[in-house]
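Subject: A structure for you to look at

Dear colleague,

I am passing on the structure we spoke about, and below it you will find notes on what was found. Please read them with the model open beside you.

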Amino acid sequence: MQTSFTEAQLADPEIAVANDILRTCVHCGFCTATCPTFVTLGDELDSPRGRIYLIKDMLENNRPAGDEEVLHIDRCLSCLSCMTTCPSGVNYMHLVDHARVHIENTYKRPFTDRLLRNVLARILPYPKRMRLALGLARLGKPFGFLLAGQSMFLLRLRAMLNLAPAKLPPAQSLGGTVHKPAGETKGRVALLAGCAQQAIAPSINNATIALLNRLGIEVVIPAAAGCCGALVHHMGRHDEALAAARRNVAAWSAENLDAIIVNTSGCGTVLKDYGFLLRNDSMAAQAVAISAKTKDISEYLLKVYEPTQAAPEMTVAYHAACSLQHGQQITSAPKLLLRKAGFNVVEPKDAHLCCGSAGTYNIMQPEIAASLRRRKLDTLKAKAPDVIAAGNIGCLTQLAGDGVPTVHMVELLDWMAGGAKPAALLTRHSRESGNLL
Ligand code: SF4
Ligand code: SF4
């Protein structure tokens, strides 16, 4: 694609990167067929190619973002399905990230929009605040009928209430802890404990630590490490994202680690991009090293996992989180591990399409997210699974509550290696199918 940035514009390193990306796009349109928003809405401006044109026009003309760009770029899930499909290697992720920063810096959103985004950015990255908010949302659930109405603000509030779990699990605070294996220590890793995950599903971190310990791996969670920054990064809050990245890079660089393990694939994609995010920073070299050491839990386990007991007869529908399959190009490891553990693994026919979770997307774009959720659940349930497994808490929350239990794949792997049976299966299968007990 031809671009027409001036020399002065190209002197800005961010514009120079955007220019290089734009020039790789040959506007073939292959990406449109696998874009969830284009598939759902059918509007070219809600396709990757359409968004690329909008971003190009906005940046070349050096103008503030307008309503049209914001509407269509906000609707993008950052699922990165388009990057998997694109034959020209267009780095849409870096382009849309830059567009979001441009929007944040040049566009004044409506008051309720700003309010909600600020609240989310101040709560979700902090597990204790998140837990408090979930508790309040639970109390507010019975009064959800008071939010009747179709304004986007009310739809978003209802979506927040709907996402609150019926019961809050025990509080988890892993910062500053070290978990040593009982026997010989064969390796040492840091675990990114996640923010929402600690509040919503602490069992995922517990299973990860227990499994790694059983395999002889020491697990550390440095107190100084925190949220990966993905949430604010995807809101275009560049400085906050950089601050989170710097803090984590410093915390992990101070430890002697074989790997940084991530069991929330949405966070893993951002960690693996720290090298790019901090490329102009004094910590650039450390950030590259941290990105290189970052491993999704399925990537890490692939060589070392061994089940110790026979699996029950059980069909697991594997839902591939976009951040794992498109963001990190990890497609086979989770399925190989689940099969090694002895489960019958099936996949939905639209495995490449997003479930609509996408960070805060299911709150900020509740209608599209609900449509994608329904579609994904229908194709998953068409495979008659006993359980739906994924490697990302956002997807698990999005797909929960429709009659099939959802568990993180590491909980299943831990179970078959001597760990506890996932709680989501205890309640359902003890009632409905004794064969799993
Ligand atoms: S598939 Fe790639 S090259 Fe083709 S229009 Fe989409 S982004 Fe551009
Ligand atoms: S990231 Fe996903 S939603 Fe956004 S343009 Fe690409 S395929 Fe479409």
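Which residue in strand 3 does H179 stand opposite? H179 stands opposite V219, where strands are DSSP runs (E, at least two residues; for helices H or I, at least four), numbered from the N terminus.

This is a predicted model, in which local features need pLDDT of at least 70 and side-chain atom pairs count only at pLDDT 80 or more, while totals for chains, interfaces and linings use all residues. Residues are numbered from 1 along each chain as its sequence is written, chains are lettered from A and ligands numbered from 1 in the order in which they are written, and side-chain values use heavy atoms, with hydrogens and water left out.

Strand 1 and strand 3 (residues 217-221) pair in the antiparallel sense over three bridges, pairing being counted when DSSP finds at least two bridges between two strands. They belong to an open sheet of five strands, ordered 1-3-2-4-5 with mixed pairing. Strand 1 (177-179) and strand 5 (294-296) stand at the edges with a single partner strand each, so one side of each has no neighbour in the sheet.

Helix 12 (residues 202-214) lies across strands 1, 2, 3 and 4, running at about 145 degrees to strand 3; such angles run from 0 to 180 degrees between N-to-C directions, with axes fitted to C-alpha atoms, for helices over the stretch in contact (heavy atoms within 4.5 Å). Helix 17 (residues 284-293) packs on the sheet, touching strand 4 and strand 5, and its direction makes about 25 degrees with that of strand 5.

Best wishes
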